[in-house]
Amino acid sequence: MGRWARWLPGAALGVFIARVLGEAVGLPGVGAAVALSAALGSLGAWLLARWPLGRTWPALLLLAYVIQPEVLPSVRAETFFVTLVALVLNELGRRAAAGRGGDATRIRPTSWLVSALLFVAFLALYIITLAPDVLAADSGELQVVAAQLGVAHPPGFPLYVLLAHLFTRLPIGSPAYMANLLSAVFGALTVVVVYRSGLLLTGRRLPALLGAVALGTATTFWSQATTANVRSLTALFAALAIYALLEFRIATKRRDTKGKLGRAHPNEPLETQPKIRIVDSESANPDRWLTLFALVMGFGLTHHVSLAFLALVGLVFIVAVDPALLRSSRRWWRPIAAALLGLLPLLYLPLRAGAEVRGASPELATLPGFLEHALATGFRGDLFYYLAPAELGPRLLVMGNVMTFQFAPLLLAAMLMGLLLMVWRDRPLALLLGGTFTVYVFVAATYRAPQTVEYMMPAYVPAALALAYAVGRLP
């Protein structure tokens with residue numbers, strides 16, 4: 001990249017300060033605003049050009065507010081906060097790489113310091129905007145059910161109810177506030193998992209951080225992280241499942257590459273490198289990650305049956321990565337046992353059937369009543385409701401509007417570019433991320449519901465990773 005690029009972060013900082021000052025004191029006209037921006041932009045460019053772009057690039061994030069056509073104090077504060085977090089994390093990452101001899105291309109995904117700071121930063125952001133008390137509709141129901149150890153509407157969300165109840169017992173705030181706070185914790189954890197997945201995809205901190213920040217600040221994701229709801233935990237399970245599958249693929253390729261290198265002919269071309277960049281991993285045993293995926297999906301299905309669509313995409317991806325698994329039945333029993341273990345929270349429903357709490361019913365202790373509630377069969381008529389071509393087309397256009405509601409146009413363009421690059425360079429990865437995104441967009445588009453933005457939460461995770469993948473391909 002040319003030397004002129006070192007001037008850009010400082011210019012962005014200067015123009016951002018100029019706009020903030022202009023909004024605070026008021027300027028007589030456009031000419032004064034342009035003059036102030038030019039003066040402070042030039043000063044900022046001159047000051048920050050003394051440092052390498054690798055240290056100052058987070059200042060470019062300030063442009064997200066500079067290009068806003070309206071005066072939005074909340075967006076201004078959010079942009080500054082995200083930029084500050086990016087500066088801190090980038091500096092910590094550079095120092096950690098220097099401590100390993102300057103090798104910044106091989107990043108340990110178990111670098112807990114960066115992950116912990118990212119978690120704390122987003123948790124603080126969500127707490128600042130957290131709903132303080134009792135809410136209406138489903139959120140209010142979940143707050144009451146969590147406090148009483150009751151039963152929520154189908155599919156019951158037993159795992160969420162148990163976790164939320166434990167949270168309401170903490171001596172920090174009211175039960176309603178604590179139920180809201182649990183969503184903030186789930187949201188911040190999801191951001192961290194997406195960051196780690198971005199590291200696995202690219203081997204670089206900047207793309208991983210951009211993907212994580214894009215998801216954490218997406219409109220619906222952020223709003224869900226501030227109220228009692230089941231969607232934040234659904235997104236967390238989606239992120240954990242994708243992370244486990246990425247680790248499974250890395251470990252599988254390492255195993256296969258090691259075997260090929262051991263038998264390679266001297267004149268055989270070396271084409272054993274994975275199509276995704278491999279970074280240091282905790283374990284090279286693929287079956288461990290397969291078992292983790294099964295456990296996550298077991299708990300996920302206990303939480304919300306809609307995660308079955310991700311499980312199906314994941315199974316196809318697993319077979320595409322390791323076809324030999326179909327012929328190795330003895331490798332199945334541990335993942336199957338892990339999945340069954342994850343289903344154990346479903347026992348909560350019949351155990352609470354006779355309790356005098358909200359939502360409890362004697363029918364939950366019967367097999368038909370249990371299955372009807374846990375599988376939410378009462379909503380089966382709403383699933384895939386809009387399949388007629390005359391209805392499906394407009395519904396898919398609505399999904400496009402939903403995405404523009406979540407992410408800025410530039411980010412959406414980068415996400416699309418990332419998916420296209422996967423199709424061109426890495427078909428299995430395109431299957432996992434593109435398939436997950438497509439499935440949940442289709443499910444949300446064909447589902448009969450008053451709103452669709454929340455049902456697409458699992459789709460926002462692969463979209464953010466597609467952004468990281470696209471940026472990771474830049475020089």
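**Salt bridges and confidence in the predicted model**

A network of salt bridges links Asp287, Asp322 and Arg331; a salt bridge here is a side-chain nitrogen of Lys or Arg within 4 Å of a carboxyl oxygen of Asp or Glu. The model is predicted, so local features need pLDDT of at least 70 and side-chain atom pairs count only at pLDDT 80 or more, while totals for chains, interfaces and linings use all residues. Residues are numbered from 1 along each chain as its sequence is written, and side-chain values use heavy atoms, with hydrogens and water left out.

By this rule there are 4 salt bridges. Arginine 331 counts as buried at 16% relative accessibility, whereas aspartate 287 is partly exposed at 23% (buried, under 20% relative accessible area; exposed, over 50%; partly exposed, in between; 1.4 Å probe, protein chains only).

Another salt bridge joins aspartate 426 and arginine 249 (2.8 Å, N to O). The two residues are 177 residues apart, and both are buried.

As for confidence, the mean pLDDT (the predictor's confidence in each residue, from 0 to 100) of the protein is 83. Helix 14 (residues 308–321) has the highest confidence, at 95, and helix 5 (residues 73–99) the lowest, at a mean of 68.

Definitions and conventions. Helix = DSSP H or I, 4+ residues; strand = E, 2+ residues; numbered from the N terminus.
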